[in-house]
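User: I have a structure open and would like to go through it with you. Could you help me read it?

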Amino acid sequence: MKNRDHFKFSTGVILYPILFVLIIWLVFWFEVRFGFNFSKYGVYPQNFKGLRGVVFSPFIHGDIEHIYHNTIPLFVLSMALFYFYKPIAWKVVLFGILFSGFFTWCIGRPSYHIGASGLIYVLVSFTFFKGVFAKHYRLIALSLLIIFLYGSMLWYVAPVKEGISWEGHLSGLITGLLFALFFRREIAKPKKYVWEQEGYSEEDDPFLKHFDADGNFIEHVEVEEEEPPIINYTYKKNKDN
């Protein structure tokens, strides 16, 4: 995919993030409205039945504060993902849910781990590291913006607060880093200038011909004169004469 095909706005940039947010709020509304508690469908580490939470846990939240704190980052980060990394956005989201959930299942405490924060950490980690590795000025700018907005989230990959699944956060961070290293194709590449391209020759560069070996400007550049064209005239006698 060429660079001109990247960074194009489409309805999916807004529609898909809205869809994600709408789903988690509908699940939460259903729990509150009908008195259900879906926490038992979260990730329960080292338990075979707890593996179902790898798929279900991102859509389950404990209370209104929990879902509120996840809503805005999920919307903003997924919107950035679908705009800047459109060709691989769905892969990052779907595999991010699976991998981060599975890592949580492997390293987590014996408790139910729920919430979309694992996916959020995948998106934060991926967009930051991918921008640095890609060396594209727009993606680097996105990486700096991510650090500015969500850099403080780094504290929560450690057990600094009780009741928070730091294992899920750490799993998401590691998953995002691995994705940044793995997904190399179909990413916008930094622009290559003429002198960076293969087969470039300084002697044939029309701009450099205006400078001598010491870098001094040459006011008049010798241009090879072309031989004038040869013109042949054919005269025909007028029949009326």
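User: Let's start with Val92: which residues does it touch, leaving aside those up to four places away in sequence?
Analyst: This is a predicted model, and in it Val92 touches Leu81, Val122, Leu123, Phe126, Phe179 and Phe183, when residues up to four places away in sequence are not counted.

User: OK, and which residues have the most contacts inside the largest nonpolar core?
Analyst: Those residues are Leu74, Leu81, Tyr85, Val92 and Phe126, and the core they belong to has 35 residues. The elements that give two or more residues to this core are helix 1, helix 3 (64-84), helix 4 (89-107), helix 5 (117-134), helix 6 (137-150) and helix 7 (166-182).

User: Which helix gives the largest share of this core?
Analyst: That is helix 5, which supplies eight residues of the core.

User: Stepping back, how many helices and strands are there in the chain?
Analyst: The chain has seven helices and zero strands, and buried residues make up 35% of its 241 residues. Among contacts between residues at least 6 apart in sequence, 76% join residues at least 24 apart.

User: New topic: what nonpolar patch is there on the surface?
Analyst: Leu22, Leu26, Trp29, Phe30, Phe34 and Phe36 form a nonpolar patch there, and together they have about 620 Å² of accessible area.

User: Where does Trp29 sit, and why is it called partly exposed?
Analyst: Trp29 lies in helix 1, which covers residues 11-34. Trp29 counts as partly exposed because its relative accessible area is 48%, and that label applies between the cut-offs of 20% and 50%.

Methods
Residues are numbered from 1 along each chain as its sequence is written. This is a predicted model: local features need pLDDT of at least 70, side-chain atom pairs count only at pLDDT 80 or more; totals for chains, interfaces and linings use all residues. Side-chain values use heavy atoms; hydrogens and water are left out. Patches are made of residues with over 30% relative accessible area and no salt bridge: like charges are joined within 9 Å, nonpolar side chains (Val, Leu, Ile, Met, Phe, Trp, Tyr) within 5 Å. Accessible areas come from the Shrake-Rupley method with a 1.4 Å probe; for residues, only the protein chains shown count as cover. A salt bridge is a side-chain nitrogen of Lys or Arg within 4 Å of a carboxyl oxygen of Asp or Glu. Helices (H or I, at least four residues) and strands (E, at least two) are DSSP runs, numbered from the N terminus. Buried means under 20% relative accessible area, exposed over 50%, partly exposed in between (1.4 Å probe, protein chains only). A nonpolar core is a set of buried Ala, Val, Leu, Ile, Met, Phe, Trp, Tyr and Cys residues joined through side-chain atoms within 4.5 Å. Contact means heavy atoms within 4.5 Å.
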